[in-house]
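Student: I am new to this structure and would be grateful for a close look at one part of it.

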Amino acid sequence: MDKKRKRLIRIGAGAVAGLGAVALAWTGIAANADEPADAKGDFEAKVIGGEPAEEGQYPWLVALGYTGEGTPFERQFCGGSVITETVVITAAHCAEAVAGPDEVVVFSGSVDLESDDLVETAVADIHIAHDYNEPIDRANDWALLLLDEPVDVEPIDVGTEPEEFDALETAGWGETGSGSASVAEWVEVPFVSDDDCEAAYPDEIDAATMLCAGDLENGGVDSCQGDSGGPIMAPGEDGQILVGIVSWGYGCAEAGNPGVYAEVADFNSAIDDVLEDWS
Ligand code: 4AZ
């Protein structure tokens with residue numbers, strides 16, 4: 001697959017707080033107090049460096065939307081990845097943005113939220129990681145959604161080994177710096193080592209459950225508000241594998257402030273346990 005990717009950002013509907021302020025991805029809440037003075041959150045108009053995804057580029061990529069009225073584009077608030085025909089993985093902080101399964105739907109089948117091919121599927125159950133926010137805030141930021149019925153898309157394999165990567169890519173319908181687009185954007189993001197990430201965010205990184213990516217020196221490529229819950233991916237032997245879930249960061253695409261992702265290899269077996277429960 002060729003490499004130049006792109007990426008996105010966006011903000012959760014309910015969380016419109018912030019594009020301006022909260023650098024912290026986090027569904028818009030919190031953390032402002034910790035915010036570095038330079039994390040103003042005013043995105044550069046070109047974010048994050050992405051470009052529109054092609055149909056079929058990430059068949060497993062789905063949007064989470066609020067149940068109810070409005071177009072899919074208006075209702076989208078997070079991303080997710082299909083890992084079996086009836087299970088979507090997303091961020092715990094996305095799952096916590098709804099009171100229960102009745103309040104969230106999954107849009108699959110197209111990179112374009114305005115496409116006629118888009119399929120809306122209800123959610124039957126939600127599992128939020130038991131150790132979410134342990135041992136430190138934002139650790140273990142993952143959740144699973146059990147779908148009401150199977151979706152007809154290719155699932156992505158979940159990584160099993162924490163690794164270092166040359167190139168990663170992430171995608172979603174999040175903020176691009178000039179609003180969010182109906183077509184998902186993708187971008188390639190350099191891998192950032194645990195040491196470098198801990199230096200960027202002292203005392204905020206749990207290397208056992210987080211992975212970082214971004215251009216530390218120059219910024220310019222990143223995920224952003226609204227991309228949360230979506231995938232960060234690496235090439236595997238058999239196509240792409242899911243290595244992480246968009247989780248948080250200070251601002252978006254700023255030099256020195258990489259994006260932080262939940263590292264799925266670290267809780268792969270906990271995921272399997274839930275899948276077994278649901279089967
Ligand atoms: C968010 O709010 C968000 N730059 C996601 C990712 C990043 C920041 C914010 C990382 O969904």
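Student: In which loop does Asn133 lie?

Tutor: Asn133 belongs to the loop between S6 and S7. Strand S6 covers 119–128, and strand S7 covers 143–147. Strands here are DSSP runs (E, at least two residues), as helices are (H or I, at least four), each numbered from the N terminus. The model is a predicted one, in which local features need pLDDT of at least 70 and side-chain atom pairs count only at pLDDT 80 or more, while totals for chains, interfaces and linings use all residues. Residues are numbered from 1 along each chain as its sequence is written, and side-chain values use heavy atoms, with hydrogens and water left out.

Two features of the backbone deserve attention in this loop. Asn133 has a phi near 70°, which is positive although the residue is not a glycine. The loop also holds Pro135, and the peptide bond leading from Glu134 to Pro135 is cis, with omega near 5°. As background, most residues other than glycine have a negative phi, and most peptide bonds are trans.

Asn133 counts as partly exposed because its relative accessibility is 32%; that class lies between buried (under 20% relative accessible area) and exposed (over 50%), with a 1.4 Å probe and protein chains only.

Ala253 sits in the loop between strand S13 (239–248) and strand S14 (259–263). With 13% relative accessibility, Ala253 counts as buried, whereas Asn133 counts as partly exposed.
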